[in-house]
Amino acid sequence: MEISRQLICQCNQKLYKSAATLKAHLKTQGHIFWEQSTAQKDLNVKINRLEIENSHLRRLNVILLERIGEIEGIKK
Ligand SMILES: [Zn+2]
């Protein structure tokens, strides 16, 4: 059922009897801590991806500068 699915919190997979009890749970330290650590994990994954992308671009830059150097060497 769509409604009951919405009353399950992802942090503990518990089913809450009403929107009010779920809302109260969302304000607990346990839930807030889970939310923050989940956000931190997502950030770490993004940072990791960007670092990999950055190192690929740096390598590509070196290759391109070498090619440009070769072409300019041929022109002279
Ligand atoms: Zn929760």
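Helix H3 is hardly covered: among its 47 residues, the count of buried residues is 0. A residue is buried if 20 or more other C-beta atoms, placed from the backbone, lie within 10 Å of its own, exposed if 12 or fewer do, and partly exposed in between. This is a predicted model, in which local features need pLDDT of at least 70 and side-chain atom pairs count only at pLDDT 80 or more, while totals for chains, interfaces and linings use all residues. Residues are numbered from 1 along each chain as its sequence is written.

**Helices**
- The protein has 3 helices and 0 strands, where helices (H or I, at least four residues) and strands (E, at least two) are DSSP runs numbered from the N terminus.
- Helix H3 covers residues 29-75 and reaches 68 Å from its first C-alpha to its last, close to the expected 69 Å, which is 1.5 Å times one less than its number of residues.

**Overall shape**
- The C-alpha trace spans about 80 × 30 × 15 Å along its principal axes.
- The radius of gyration is 25 Å, whereas a compact globule of 76 residues would have one near 11 Å; the radius is taken over C-alpha atoms, and the globule rule is 2.2 Å times the number of residues to the power 0.38.
- Buried residues make up 0% of the 76 residues.

**Trp34**
- Trp34 is found in helix H3.
- Trp34 counts as partly exposed because it has 15 C-beta neighbours inside 10 Å.
- The C-alpha atoms of Trp34 and Cys11 are separated by 6.2 Å, although the two are 23 residues apart along the chain.

**Confidence**
- The average pLDDT (the predictor's confidence in each residue, from 0 to 100) is 93.
- Confidence is lowest in helix H1 (residues 2-6), at a mean of 56, and highest in H3, at 97.
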